[in-house]
Number of protein chains: 2
Amino acid sequence: MKVVHYTPTDLKEAVEIIRDALTSKKLMIIYGCCHIFYEGRGASRLTSGDRVIIIKRDGSVLVHRPFGYSPVNWQPETTDISLNITSNELIIKAIRTTPREILEIRFSQIYSITHAILEDKGEFIEYLSEHEIRDYLSKNPSYIEEGLTTIDIEKHVEPGFIDLYCRDRNGNIVVIEIKRVTASRDAVLQLKRYIDSLKKYLPQERIRGLIVAPGISKSALELIERYKFEYKRIDIAQLYKSLRSKQRGRNLLYYITKKG
Amino acid sequence: MKVVHYTPTDLKEAVEIIRDALTSKKLMIIYGCCHIFYEGRGASRLTSGDRVIIIKRDGSVLVHRPFGYSPVNWQPETTDISLNITSNELIIKAIRTTPREILEIRFSQIYSITHAILEDKGEFIEYLSEHEIRDYLSKNPSYIEEGLTTIDIEKHVEPGFIDLYCRDRNGNIVVIEIKRVTASRDAVLQLKRYIDSLKKYLPQERIRGLIVAPGISKSALELIERYKFEYKRIDIAQLYKSLRSKQRGRNLLYYITKKG
DNA sequence: GGCTAAATCTCGTGC
DNA sequence: GCACGAGGTTTAGCC
């Protein structure tokens with residue numbers, strides 16, 4: 001990647017640099033003093049100040065202030081970008097339809113422009129969240145154990161929330177703690193607290209404790225045996241396949257490796 | 001604003017530049033080839049490729065790929081940022097608690113670093129959208145008229161959607177057309193079409209037509225009188241205050257001026 | 001295209 | 001600190 005950097009002396013010089021970068025479809029970053037006009041689903045004005053503007057090759061525009069994660073103004077990728085210059089302002093206008101929205105950036109000064117062609121063939125691998133695993137297993141409890149039925153999800157007990165609250169084929173209550181990664185001692189202790197709390201209200205019920213995770217630590221396994229809980233290993237990659245098979249663009253197998 | 005630009009020859013040079021920028025709390029933008037590790041509420045990996053990384057002075061981190069409006073990875077502002085270097089990688093790690101999340105960026109190459117102190121005292125002025133006004137008035141119909149009750153929002157009739165469909169204290173139907181800006185002739189004609197359509201289905205009902213707007217054009221007012229409709233002026237600034245009064249950091253009055 | 005549901009939603013406020 | 005609600009939410013799938 002070659003990054004080209006300019007410090008334009010005036011707006012007339014800047015407009016040529018920006019025009020070139022736009023036509024050659026580069027990613028461009030501008031440091032400048034500007035005020036901003038937005039009209040569309042909402043409407044806003046931002047009075048003059050120093051900002052960073054990112055224009056990507058797909059036409060998406062981001063305006064960032066010195067603070068905060070989110071851009072103060074933006075335009076998603078489906079935009080047409082126009083460029084104009086008046087006697088004292090350089091104007092970038094990004095317009096999109098559906099919904100009709102206009103973002104207008106008016107620079108009084110441009111301090112720096114960098115642009116480059118980014119070669120990014122990287123693969124974005126997204127693992128399953130605990131939430132997703134929990135939802136899937138609640139709908140497919142037989143994946144955990146034959147004859148299991150879900151009674152409740154995120155059932156509230158005093159110490160917190162039980163991931164899955166089930167009943168097995170013999171009518172026993174099964175309290176399930178799900179972990180996205182190798183289950184640690186903490187997971188077992190958590191499960192213990194839930195079950196101890198439950199037993200106060202259901203003294204006559206037989207309650208099983210079950211850790212569901214792709215792996216388990218030695219110390220956790222020791223605790224499980226002491227408390228007479230159980231451990232059910234799940235294959236996250238297989239689960240991922242079942243969940244994401246309908247989704248396009250992610251045709252690979254995904255694995256949880258180990259706790260980072 | 002003074003933007004400083006570097007093209008570091010190696011990672012050792014880059015680490016010093018980045019360290020300086022971090023300690024002096026500047027906004028920094030890095031063009032580099034990196035792979036990324038994220039673990040927290042979710043988990044992801046991004047394999048090697050060229051990206052733009054923005055680190056702001058509040059510690060927020062954004063990782064942008066050449067396409068798309070949204071960052072591929074990020075960390076909101078409540079972060080601690082650490083910097084390390086191995087024999088062949090420069091590692092930026094941004095960690096936050098509540099929720100515990102780790103973002104790790106591992107650069108194999110750094111092409112360009114720019115940093116600057118942005119002076120941005122600009123005021124962000126957000127106007128109300130027609131949508132927001134409609135929602136507010138639907139929940140507070142007495143703002144329009146004493147004894148008014150909302151029956152339906154965006155009620156579908158043949159020619160389109162009625163903004164607010166209400167009943168007044170005397171049991172009459174009130175069809176309300178809301179405008180964010182000075183209402184024009186078109187607004188009245190629109191209202192006429194809705195009411196004409198309604199009358200076909202409700203021949204026995206008395207139906208009132210009401211334009212709610214911060215202003216009205218002369219020609220629109222003439223039409224209103226001809227059709228025996230009504231006009232209710234609303235104060236957008238006052239409405240804004242009621243809506244946004246709970247929000248901090250926006251302690252000014254906001255006004256709708258005119259259509260930009 | 002609109003509608004529905006989930007998100008590392010974010011960003012507030014109120015308890 | 002955690003729940004609740006709104007947003008130019010965004011983003012994806014489904015009809």
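This is a predicted model: local features need pLDDT of at least 70, side-chain atom pairs count only at pLDDT 80 or more; totals for chains, interfaces and linings use all residues.
Me: Which residue in β3(B) is the bridge partner of A:Ile125?

Reply: The partner of A:Ile125 is B:Arg45, within β3(B).

Me: How many residues does each chain bring to the contact?

Reply: A residue belongs to the contact when heavy atoms lie within 4.5 Å. By that reading, chain A contributes 61 residues and chain B contributes 61 residues.

Me: What area do chain B and chain A bury between them, and on which atoms?

Reply: The two chains bury about 5,200 Å² between them, with 60% of this area on carbon and sulfur atoms. Within chain B, the residues that lose the most area to chain A are B:Met1, B:Tyr31 and B:Tyr69, which together account for 14% of what that side buries.

Me: How many salt bridges are counted between chain B and chain A, and where is one of them?

Reply: A salt bridge requires a side-chain nitrogen of Lys or Arg within 4 Å of a carboxyl oxygen of Asp or Glu. The count between chain B and chain A is five. One example brings together the side chains of A:Arg51 and B:Asp120, at 2.6 Å from N to O.

Me: How many residue pairs are in polar contact across the interface?

Reply: There are 28 such residue pairs between chain B and chain A, counted where both residues have pLDDT 80 or more. On the side of chain B that touches chain A, at least two residues come from each of β2 (27-39), β3 (43-55), β4 (61-64), β5 (73-75), β8 (101-116) and β9 (124-127). The largest share, eleven residues, is supplied by β3(B). By residue class, this side of chain B divides into 25 nonpolar, 19 polar and 17 charged residues.

Me: How many aromatic pairs are there over all chains?

Reply: The count over all chains is five.

Me: Is the peptide bond from A:Thr98 to A:Pro99 cis or trans?

Reply: The bond from A:Thr98 to A:Pro99 is cis, with omega near -5°. A:Pro99 lies in the loop between β7 (90-96) and β8 (101-116) of chain A. In chain B, the bond from B:Thr98 to B:Pro99 is cis, with omega near -5°, and B:Pro99 is found in the loop between β7 (90-96) and β8 of chain B.

Me: Where does A:Lys25 lie, and is its phi positive or negative?

Reply: A:Lys25 is located in the loop between α1 (11-23) and β2 (27-39) of chain A. Although A:Lys25 is not a glycine, its phi is positive, at about 55°.

Note on methods:
Residues are numbered from 1 along each chain as its sequence is written. Chains are lettered from A and ligands numbered from 1 in the order in which they are written. Side-chain values use heavy atoms; hydrogens and water are left out. Buried area is the accessible area (1.4 Å probe) that two parts lose on being put together, summed over both. A polar contact is a pair of N or O atoms within 3.5 Å; within protein, one must be able to donate a hydrogen and the other to accept it, and residues adjacent in sequence count only if both atoms are side-chain atoms. Helices (H or I, at least four residues) and strands (E, at least two) are DSSP runs, numbered from the N terminus. Ala, Val, Leu, Ile, Met, Phe, Trp, Tyr, Cys and Pro count as nonpolar, Asp, Glu, Lys and Arg as charged, and the others, Gly among them, as polar. Two strands pair if DSSP finds at least two bridges between them. Rings of Phe, Tyr and Trp (its six-membered ring) pair if their centres lie within 6.5 Å; planes under 30 degrees apart count as stacked, over 60 as edge-to-face and the rest as tilted.
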